[in-house]
Amino acid sequence: MKKYFNRIKAAICALAILIVWAGCTKYENPPAVYEDLEQGGDGTVKRKVLFISIDGAVGQEIKKNLPKNLTNLLKTSKYTFNALADENTSDASTWMSMMSGVSFANHGITDDSYIPKPNENNPHQTVGGYPSILYRMSTIAPNKKTAVISRSVAINDRLLVSANETYETKSDEAVKTKVVELLNKKNNDLTIVQFTDLLEAGKNGGFNIENAGYVSALNKIDGYIGEITSALEKRPNFLLEDWLIIITSNHGGIDKSYGGNSVAERNTFAIFENKNFKSAELNGERMSSVRMWGYDGTGVYPLGVRALSENISDKSDYDLATTNELTIFSKFRFNRNNTKIPSTYDLGSYNYWYSGIFGKDSNTSTGTPGWMFYTFGNDIQVRVSDGSSVATCQVGKINGDWYTMTAVLKSISPNKLNIKIYNNGTLAQESTTENMKIENIKTSDPLIFGYRPSISYDLVDFDVADVHILNKALSQEEIRDFVCYKDDLKSSSYGASLKGFWKMSPNAAGVVANEISGKSAMQLTGPYRGKNTTKISPCDFGKNFYFIQSTDYYTQIFYWLELQTQKEWNLDGQTFLNNYEVEFLKP
């Protein structure tokens, strides 16, 4: 049954949702009046997007038996069969991630009310909402025309209520028919399409190609896609239009179910097709990160985010007194110092002064033994104390961009310590300090990522990812190999020395797992949020090294329609199509 929503109704519905936490009352509407197709008399090429979700398509399964129309699209596509849905793979949550550009960890949507639930760990926290891509478009580019053709009343009436037009259909065939009709008669800038027969086939017989019903449903939808792309190419103004076709899935499935966070349930696929694209399979890997910021919420200090390990006692794998040598890898991205407190030195700069941000030492004073990374203006120190003496090695930070910092601590003798710092695998600074009692460099303090209980001045703002600690001092050659290693490090020659490996991918309870069996996890506190992006590395993994997740479609659509996203929207997605502009932007 057709539903036609103009922008006035969209605004009324959005307001109603905010006030009464309910969807809009539905009324029958008169038949739509179709406008004429644009004539494009000025010769301007108009960018348009067709977004299609084949709900329930497991990327690696459909790859085994990819039907002809999808296969044909790969010839002019950037594509992957290793895309990733959110950790909550329910229908509502995954559609929210695709259409809001933020992950489940941040939007918290669990059902088709599309209303965020309070944080169980912080029930008094104000629950924020994340508007859909269509709401953002309706506010910053109201001239853009949008349409949604779906099988879901909730998607139409709640999640994507800001569309100019929404159409409910009773079958996937009816979805196809309506899309073809709109392509023949309308000039929408963004058309969003949902097919669900593959999802139903997976629930009935399994999300795999051994299920004949799953294969049959996939082939039928492939036929519908063929009819849709044919209708698109027959548009009178097709030569004056520049179409981006995105085909993906909201989530995968395992056996006959979905909703969890297993690999099969999260595995999807992504096709980004344009007539000018050169075919390329995207082969990037995922990198997770957490922003460490703020302090303990007392006085003038805002409540921040940090992570602590369980108390791992004096004889720790991370104490220099126990190991005599350590190599510590971490990916950092330092953000601008925008926290104004009385002790802030250089507001708006990357200069941070006198704060321990990472290590195994809870206090920044000389009198507490341990090691830490310590800010020193535009520099960062590796600071090691035996309780009475301090050894330091200081190097400039790389600001605003992700980079890998590696610190190598090595006892040369019972009273001599060598420290080396590498930025992106290249030795940046080295120091050797005598009169250090190596046997005293130990503490029962936990590992700490983020602020310390004793603070001197600035509240540091940085993102952290991929933390590794080895009980061995690696050489520069080994460090470069480690930084660029693409396979499983635990199974490599470094595996026996790895005593800590945190991917900085928190679960719903804020626990960051240690990938090394039997070693301490980290517990996040404060208003933490996890983010995912393509793995950042100083190594050249090739121009197609991009990892696609469900939050990336939003940013690609905005980019293609030449609209600007805003920093304050806090989107999790990346833009990657701009790196191929040489293929589709003509002089």
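How much space lies in the second largest pocket? The numbered points below begin with that question and then turn to the disulfide and the aromatic rings.

1. The structure is a predicted model, and in this model about 1,400 Å³ of space lies in the second largest pocket.

2. Several elements of the chain each supply at least two residues of the lining of the second largest pocket, among them strand 3 (77–84), strand 10 (286–296), strand 12 (325–334), helix 13 and strand 25.

3. The count of disulfides comes to one, and Cys484 and Cys539 form it, with their sulfur atoms 1.7 Å apart. Where do these two cysteines lie? Cys484 belongs to helix 13 (residues 476–484), while Cys539 is found in the loop between strand 25 (530–534) and helix 14 (552–560), so the pair ties together parts that are 55 residues apart in sequence. In general terms, a disulfide is a covalent bond between the sulfur atoms of two cysteines.

4. The torsion about the S-S bond of Cys484 and Cys539 is about -85°, so this disulfide is left-handed. Are the two cysteines buried or partly exposed? Cys484 is partly exposed, with a relative accessible area of 31%, whereas Cys539 is buried, because its relative accessible area of 15% is under 20%. Another cysteine, Cys393, is buried with a relative accessible area of 2%.

5. The aromatic pairs come to a count of 38. One of them is formed by Tyr79 and Phe81, whose rings are 6.0 Å apart centre to centre, with 70° between the planes, and this pair is edge-to-face, because planes over 60 degrees apart count as such. Tyr79 is buried, with a relative accessible area of 13%, and Phe81 is also buried, with a relative accessible area of 4%.

6. Elsewhere, ring pairs link Tyr318, Phe332, Phe334, Phe358, Trp371, Phe373, Phe449, Phe462 and Trp502 into a cluster.

7. Two arginines are placed over tyrosine rings: the charged end of Arg383 sits over the ring of Tyr374, at 4.7 Å from its centre, and Arg47 lies over the face of Tyr559, at 5.8 Å from the ring centre.

Notes:
Residues numbered from 1 in each chain as written. Predicted model: local features only at pLDDT ≥ 70, side-chain atom pairs only at ≥ 80, totals over all residues. Heavy atoms only, no water. Phe/Tyr/Trp six-rings, centres within 6.5 Å; stacked < 30°, edge-to-face > 60°. Buried < 20%, exposed > 50% of the residue type's maximum accessible area, 1.4 Å probe, protein only. Lys NZ or Arg CZ within 6 Å of the ring centre and 35° of its normal. Disulfide = S-S within 2.5 Å. Helix = DSSP H or I, 4+ residues; strand = E, 2+ residues; numbered from the N terminus. 1 Å grid on protein atoms, 1.4 Å probe; cavity = no way out; pocket = protein on both sides within 12 Å on 5 of 7 lines; lining within 4 Å. Points joined across faces, edges and corners; volume = space filled by probe spheres on them.
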